[in-house]
Every structure is written in structure tokens, then in C-alpha cells.
Amino acid sequence: MSKYNFDYLDELEAEAIHILREVAGQFEKPALLFSGGKDSITLVRLAEKAFRPGKFPFPLVHIDTGHNFEETIDYRDRMVARLGERLIVGSVQQSIDEGKVVEQKGKNASRNALQTVTLLDTIEKHQFDACIGGARRDEEKARAKERIFSVRDEFGQWDPKRQRPELWNVYNGKIHKGENVRVFPISNWTELDVWNYIRRENIELPSIYFAHDRDVITRNGQLMAASPYVNMDEDDVVERKKVRFRTVGDISCTAAIESDAFLIDDIISEISQSKISERGARMDDKVSEAAMEDRKKGGYF
Amino acid sequence: MNILKFFTAGSVDDGKSTLIGRLLYDTNSILADQLEAIQNANRKNDDGTVDLAILTDGLRAEREQGITIDVAYKYFQTDKRKFIIADTPGHIQYTRNMVTGASTANLAIILVDARNGVVEQTIRHSYLVSLLGIKHVVVAVNKMDMVDYSETVFEAITQKYKALAEELKLQDVTYIPVSALKGDNIVYQSERMTWYNGESLLYFLEQVDTDIQEQSDKARMPVQWVIRPQTDELHDYRGYAGRVVSGTFKVNDQITVLPSGASSTISKIEFFDKELVEASAGQSVTIHLASDVDISRGDTIVNSSALPQESKLVEADLCWMDTKALDTSITYLLQHNSKVTKCKIAEVVYKVDINTLEKHAADEFKLNDIGRVVLKTADNLPFDFYNESKANGSAILIDSRTNLTVGATMFRALAD
Ligand SMILES: Nc1nc2c(ncn2[C@@H]2O[C@H](COP(=O)(O)OP(=O)(O)O)[C@@H](O)[C@H]2O)c(=O)[nH]1
Ligand SMILES: [Mg+2]
């Protein structure tokens, strides 16, 4: 591709746009899963590039754990207003209230695992046949194995042993009633690619990605935001530190890192030098060697 | 900076996963927490060092059995280039997964165990490489540490492979003696093989040309989506969205829409908020035409002065990928870029014994079988031959009963 001065970000971008347009063309009721994190924010920009000046051929869907950083909800609402697109919110709190899931107890309680039920209910309620997500193959070793069009059965389950072959740039989105496809347009992007793209495109991000002062506690060697959503006891010492978040998920399972990175350039150089992977800051992956594989088999993103 | 996509092939235990692990390890691409995870894993090498293969064997079943079942993608970069690696399984029963990993690659690393030399699997994998039209091949003669880093062993294997490369018409083959386990000639030049004057594997990967894979300069864009805002101020807006698969489109080019045959000229090429004067292979854009033409998803816009083949009958190579055998009596779906049409297998011309490369008549096509067939489609297909254009010369077959992708086809000749 070098012939046309086509840089690697152009190539990744063109591939992702192609995938988004395939979703539009192949499915009746697709949706874009929007978490408020940088990967789904990148997806939104790619969707603009794929479909403007037309409307998105899908709504944005946010699975809301209720344990959010205020900044991300604020960001989400401003973004939706700017885009003029439809937002659907699936509420974990509602799933709890309806008795579909039970809140975890104890120090390490998190709503992360409960999201799956809310996600599957939301898919069923709206009859979504394709859900676009911002997962990347470099995040985790089970994700490294997943196809770009990943077929899930009626229960949202991924069967890693029965993946369809995926050849060239041809994506087979044919499914039976009740099944759905998870689509990952930025599968081939790395964390650094996403940041470089955000810089190049000048995309605004929620402020928690940048260094700020925050009350934190240390839990299992990681910094967690001191918040009503994190179960604390008398052993926990609250300290004020300069931190930022590398990924944005449920407050109760997203760890902060100490950082002075105020600007995108600082973040890019911090990541380039970092010795810890992005998911290293996710408590949910620490449970076992196959934590992600097991969650995906159960219907997780 | 650009991207090189490559995959590894070889028999089970030749060291594919270890080689990828070594590349990542020696380029400092493994982060501390990932390294900690593999250090804590139960699987270790005999001498107690960490088993780098665990980095790519990401599924529980793979770690349990110590084999690779499905393609794993890994990413790393150096100052020179970004790399996307597909670690593909070597077992014959996972050939379809290997074809998946190979279909998007521009380079193949074929591992040969120095103790065993060129074996049946080497032939099979090399055949797949030639079938899929992968431009560059590196033959990595691995486990040199187990043959005392012997030049004679390396030379003998090289000679043997050269004959195979010639038979398969592989254009660009490079031979490198390595030890993935010890790290010789992977990232660093080995001091234990001073007789070898070539480059380390990484150095080679950083230099090899990644110029666009498509040989064809004929402009083609399959239409994926029609953008019609239908608002008051954009009432007449009609943009044809797609990715250019080969060649270059310019504003004012005369184009033809297939299969209808309608023609028009390009009035505007857009990319989001920019207007472009041209769009080339690889770019996702939106094309506007000067006149009203009926176009929808599945149509292909081509340059009128370089029309593609158009036929309902085409001779193609077929890799069968389903556990259910090919059934010539039923109708499949053929997906060619954004177009889906009904398709039958009109004839099985021959099947290839991929271990010996012999062709023979056959009436059965089972999982992982490869051979030549005649496809008969319901609609005219605007295609190019695979050797000219991978994107416009290939398609997948779908079984509409199961919706599974059951075959990969590469168009080779017109059939009559
Ligand atoms: N002595 C030696 N052993 C190797 C070398 N490369 C790989 N191995 C070993 O060969 C076995 C199979 O390696 P693996 O990477 O899993 O092979 P794969 O099946 O091709 O992915 C493992 O025990 C490796 O440690 C090498 O260069 N030298
Ligand atoms: Mg392996």
C-alpha cells in the first residue's frame, strides 16, 4: 500500500470502515456497543467516516453498570447530542431490581460479570442481530483467536472450537434466527494504534484518561478509585494521588495508574515505554489463565 | 510506517509458536504482566526456561494439549515496521484454519525441523502458499541447535526445498538457519553459525517489500452501501460507499456498473469531510456519479476501459472447509465481495493429493480437500482471475442450511 503513501493508520482505518459497511449491508438490526471507553469512541469516529452525511444504520447501545465514572456518562450524553444518533441504555441496576442477577458481595465485588445478562437481555429485547464492539486482538490471548465476525448462539455463547473460517476480506454474516454476530472492526489495532489515531483525528476523550488528582485505595497491589461503588473497610487507606485510567470500565474493576500524562503525547510516550499491558489493570482478567475465554463462552462482549 | 502481515507454517512441534514467542521476546514486545503470566504457567521447557509458545496458544484446549488449534493473531512493531502475525495450526485436520490465517498474509514463514528436513507437511503447506498466491516465502530451518549448527544439514535442506519451490513456482524464497529456542538468527545474528552470511529473520522481515499485493491495476469497487441522507438540504445526495479493491479511480473517469452494464462518469470522490481527486486500492471511500444510475449493494463499479470477466461459469480452485462433504446436487451461496448469488458445483475437475501434489479424478470432496471445480452461478459474476487480483478473484461458499462457510474458491479460468 506504500505506493499511495498509505500509512498504517490509513490502512487500519480503511479496513474498519469496510467492516462497518459490511455490517450495515448484511444485517437487519445491528447495534454499536458504546462503553464510553477510547475503543468505542474510536468506533464512533469510524462510523462517522463510514456513513456520513447519512445517519448511522444502527443505534448506540450502552450497557450501564450504574457504577460509572461521572465523567464518562457526561461525555456520552454530550457525544450523543452532537451526533444526533439514537442511544439505548441497558441497565444492570434494572436487571438487579428485576431479580435477574444478584449483586456480588465482599471486598472485590464488581458488576462487571453482571453486565453479560443485561447485554443478552438488551439484545433479545431489541432483536439485535449484530453487535459491533471495540475489542482488539492484542488485548488478551482468547481475543487473539476470535474472528472479526464472531457468531454467538442464542445464549450469546462463543464456541472457540467451531469458528467459521474467515477468508480474505469476505465476512459471512449469515445466521439463524436467535443467533447474533459480534463484530470487531478494530480487531487488528493495538492500544498504541488507537492512541495514535485519537491524536491524529483530534478526538476528544473523557477526562479520566488524563492525569488528575483522585482519592484512591490500594487493593491487591492496584489503585482503585475510592468511591461508594467500591466496597471499603477499615483496612483500606484512602490516599490522594495523581492518576489516570488506561481503560474505562465499571469503577469497581478498573484500576488507575499513577501518571503525570496530561496530554495525548504524554500518554503515547507513557504507553510506548510501559511494561504492563492494558488489561493488566483489569481485575476481571486476573481470576484465572482462561478468565476471558470463559467469559466469552458465557456471552461476554 | 507500513504493515507486514505474515503467518507461520510447519508440522506440529517444528517450533512455530516458539519462534513467534522468540520474536516477541527479543523485540521486547512482551509486557511484564504477560511475562509473569507465562512464568507462572505450568508448561515449561525441559531445561526449566519459560515456554514461549504459551504466548500464542490462547485457548484452554490448546494449552492442555500443547498444540495450536486455531489461528492466533499477534502484533508487534519495531522502528521500521508494524507486524501482524497469524500463528496457524499445522495439523492436517486444521488446514482450514491455516488457510484462514494465510488468506490475508503477504509473507509465509515455513518452518522445517533441521533433524527431519522437508517432510510431507512441508509440501502441503508450501502448496497452500502457492495456491493462495503468497508473494514471499521464508524457509526457516529450525532447531539448528540440535544438529550442531551444521552447515551441511542446512545446505541439504535448502537444495531439497529449491526443487519443491520450482515445482510450485514460488517466486521469492529466502532460507534462514535458526534456533527459535535459543534465539539464533531470529532477532540477533547468530554467533554459532558464522558460515551463514545472510540476515536474521527480523532484519529480513523489516526490509521485504510490502507493496500492494494486488497485481492488477484495473479499477474496481464493489458497492457495500448507498448513502442517502434524505434530509431537506441533502435531498439529492446519493453516494456509493465501498472499498477500492484494485486500481485507481479518478474524478471524471468513465465507469461501468456491473452486472447492469450501465455507464456514467465519476463526479466526485469523498472521504468523510474531504474531497479526493482519486482513490486507490485499499481505500474506503464514497463515489458520486454524474448521472442517475440504479445501483445497490452487491453491484461493482469498474473502469469502463478495463472491464472484468463476466460469466456464470468459472473454473476455480476450491478448499473444502466443512465436516459435511461437498454435495454437487445442492445449491450453495457464493459470496464474492459484497455480492451473494446462488451457486452449484457443476463439475469436479480433479482433486489434488496435497502430500504428493498429484492430481486425480474424484467425485468426493471432504473436509480439507483441495482441487479444481467448475462453479455455476445464478447471476453473472464480474470477476478477475486470482493471480491478477486476490480480492476480485476469490469468493467463499456458504451452505444455506447451516450458514457455515464451507469453501474458499479462487478463480482460475473461464469454463465452457
Ligand atoms: N532444541 C530446540 N527445540 C525447539 C526449538 N524450537 C522449538 N523447540 C521445541 O519444540 C517443541 C514444539 O515447539 P512449538 O513452538 O510448540 O511447536 P509448534 O507446534 O510448531 O507451534 C517445544 O518443546 C519447543 O521448546 C529449537 O530451535 N531448538
Ligand atoms: Mg504452535
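In helix α1 of chain B, the buried residues are B:Lys16, B:Ser17, B:Thr18, B:Leu19, B:Ile20, B:Gly21, B:Arg22, B:Leu23, B:Leu24 and B:Asp26. The model is a predicted one, and in it 10 of the 11 residues of this helix, which spans residues 16–26, are buried, so the helix is largely enclosed by the rest of the structure.

**Surroundings of helix α1 of chain B**

- The cover over the buried residues of α1(B) includes the strands β1 (3–9), β2 (72–77), β3 (82–87) and β4 (107–113) of chain B, together with the helix α7 (201–207) of chain B.
- After α1(B) comes B:Asn28, a residue whose phi is positive, near 55°.

**Salt bridges**

- Over all chains the structure holds 43 salt bridges, and side chains of opposite charge can pair in this way when their charged atoms come close.
- One of the salt bridges joins A:Arg136 to A:Asp39, with 3.0 Å between the closest N and O atoms. Because A:Arg136 lies in the loop between β4 (130–132) and β5 (149–152) of chain A, while A:Asp39 belongs to helix α2 (residues 38–51) of chain A, the pair ties together parts that are 97 residues apart in sequence.
- Both partners of that pair fall below the 20% cut-off for burial: A:Arg136 counts as buried at 1% relative accessibility, and A:Asp39 counts as buried at 12%.
- A:Asp265 and A:Arg199 form another salt bridge, in which the closest N and O atoms are 2.4 Å apart. Since A:Asp265 lies in helix α7 (residues 264–273) of chain A and A:Arg199 in helix α6 (residues 191–201) of chain A, this pair ties together parts that are 66 residues apart in sequence.
- A:Asp265 counts as partly exposed at 45% relative accessibility, and A:Arg199 is also partly exposed, with a relative accessible area of 39%.
- In chain B, the side chains of B:Lys143 and B:Asp113 meet in a salt bridge with an N to O distance of 3.7 Å. B:Lys143 lies in the loop between β5 (136–142) and α6 (151–167) of chain B and B:Asp113 in strand β4 of chain B, so the pair ties together parts that are 30 residues apart in sequence.
- B:Lys143 and B:Asp113 are both buried. Elsewhere, salt bridges that share partners join A:Asp10, A:Glu13, A:Arg45, A:Glu48, A:Lys49, A:Arg82, A:Arg200 and A:Glu201 into one network.

- Apart from neighbours within four places in sequence, the residues in contact with B:Ile266 are B:Phe249, B:Lys250, B:Val251, B:Asn252, B:Asp253, B:Ile255, B:Ile287, B:His288 and B:Leu289.
- The C-alpha atoms of B:Ile266 and B:Val112 are separated by 51 Å, the two residues being 154 residues apart along the chain.

**The second largest pocket**

- The second largest pocket holds about 820 Å³ of space. Among the 29 residues that line this pocket, B:Ser130, B:Leu131, B:Gly133, B:Leu168 and B:Arg412 are the closest to its centre.
- Domain 1 (3–207) and domain 3 (309–414) of chain B each contribute at least three residues to the lining of the second largest pocket.

How values were computed:
Residues numbered from 1 in each chain as written. Chains lettered and ligands numbered in written order. Predicted model: local features only at pLDDT ≥ 70, side-chain atom pairs only at ≥ 80, totals over all residues. Heavy atoms only, no water. Buried < 20%, exposed > 50% of the residue type's maximum accessible area, 1.4 Å probe, protein only. Helix = DSSP H or I, 4+ residues; strand = E, 2+ residues; numbered from the N terminus. Contact = heavy atoms within 4.5 Å. Salt bridge = Lys/Arg side-chain N within 4 Å of Asp/Glu carboxyl O. 1 Å grid on protein atoms, 1.4 Å probe; cavity = no way out; pocket = protein on both sides within 12 Å on 5 of 7 lines; lining within 4 Å. Points joined across faces, edges and corners; volume = space filled by probe spheres on them. Domains from an automatic or database assignment.
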